[in-house]
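Me: I'm new to this one. Pick a single part and walk me through it closely, please, spelling out the terms as you go.

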Amino acid sequence: MWDYSEKVMDHFLHPRNVGEIENPDGVGEVGSLACGDALRLTFKLDKEGRIADVKFKTFGCASAIASSSVLTELIKGKTIEEAEKVTNRDIADYLGGLPEQKMHCSVMGREALEAAIENYRTGGKKKHELEGNLVCTCFGVTDKEIERVIRENNLTTVEQVTNYTKAGGGCGGCKGEIEKIIQKVQGDTLRTPVKPKPQKAAKLKNIRKIQLIQQTIDEQIRPSLRSHGGDIELIDVEDNKVIVAFRGMCAQCKTAEFTMKDVVEARLKEFVAPEIFVEEQSQPSQGQ
Ligand code: FES
């Protein structure tokens with residue numbers, strides 16, 4: 001399991017300000033279920049123009065829930081001008097740090113805040129649009145977003161950019177373009193990248209591992225699939241390989257491959273062990 005700080009676990013298990021505000025002044029929606037994380041942020045201002053109430057709804061992992069929860073605490077009571085200064089680094093620092101591979105959750109929080117502020121400033125007329133040219137089509141990430149996270153977090157490798165934005169984490173076709181953006185932003189100041197600390201994975205006995213896998217599927221994965229008319233079944237576990245089968249709508253879904261990697265596998269890596277990988281049960285050939 002990931003090495004989460006106490007603060008992350010506290011905000012994950014007891015998230016603050018969950019829900020949705022009726023007739024909000026600002027609404028921000030980012031991410032997508034197909035990509036594994038989605039966040040909706042709503043806020044209401046008081047007469048002095050301060051954020052009097054703010055709520056979130058999220059579909060995502062422990063870090064996404066904790067990052068969203070902390071974001072609401074960070075901006076409550078602030079003016080719009082003060083709130084828009086909050087960065088993804090502020091969210092991660094408030095949480096006592098996030099695993100490098102989970103930094104994209106803090107970035108998603110900051111993006112939702114920006115989208116909500118933009119929505120407020122345009123009187124709810126304008127929906128948040130991606131700024132810049134699309135670089136990663138798998139995850140809908142633009143060059144402007146990549147440049148910004150590189151600058152704000154002093155990133156120097158493609159792997160780090162993937163950890164912070166997900167760009168490059170699908171087919172990998174955009175990695176060359178990401179490399180060029182890093183060169184452009186960092187120029188000659190590129191320094192030796194700091195290797196992320198390896199996660200300390202607790203060795204699990206096989207029976208415990210299977211129990212945890214089943215529990216994670218039941219509690220963290222199945223509810224969201226069922227809400228979209230789908231389902232998932234655990235077929236077998238062979239060492240670190242988990243074999244599953246999609247049922248219902250999920251069995252015919254075009255984004256099943258993303259759901260497999262970015263939802264099912266990501267959740268199992270997070271809640272069971274980082275070395276786990278998932279495969280879909282092979283379909284019997286016709287006539288069998
Ligand atoms: S285009 Fe970026 S990972 Fe596929």
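Predicted model: local features only at pLDDT ≥ 70, side-chain atom pairs only at ≥ 80, totals over all residues.

Reply: Residues are numbered from 1 along each chain as its sequence is written, and side-chain values use heavy atoms, leaving out hydrogens and water.

Back to the rings. Rings of Phe, Tyr and Trp (its six-membered ring) pair if their centres lie within 6.5 Å; planes under 30 degrees apart are stacked, over 60 edge-to-face, and the rest tilted. That rule gives 2 aromatic pairs. One of them is Phe12 with Phe271: the centres are 6.0 Å apart and the planes at 45 degrees, so this pair is tilted. Since Phe12 belongs to helix 1 (residues 6-13) and Phe271 to helix 11, the pair ties together parts 259 residues apart in sequence. Helices (H or I, at least four residues) and strands (E, at least two) are DSSP runs, numbered from the N terminus.

Now follow helix 11. Helix 11 covers residues 256-271 and lies across strand 6, strand 7 and strand 8, at about 145 degrees to strand 8. Contact here is heavy atoms within 4.5 Å. Angles run from 0 to 180 degrees between N-to-C directions, using lines fitted to C-alpha atoms, for helices over the stretch in contact. Arg267 lies over the face of Phe59, 5.2 Å from the ring centre. For a charge to sit over a ring, NZ of Lys or CZ of Arg must be within 6 Å of the ring centre and within 35 degrees of the ring normal.

And the sheet under discussion? The 3 strands form an open sheet in the order 6-7-8, with mixed pairing. Strand 6 (230-238) and strand 8 (277-280) are its edges, each pairing on one side only. From one strand to the next, the twist averages 35 degrees. Two strands pair if DSSP finds at least two bridges between them; strand 6 and strand 7 (residues 241-248) run antiparallel and are joined by 8 bridges. Gly230 stands opposite Gly248 in strand 7. Helix 9 (residues 206-226) also lies across strand 6 and strand 7, running at about 160 degrees to strand 6.
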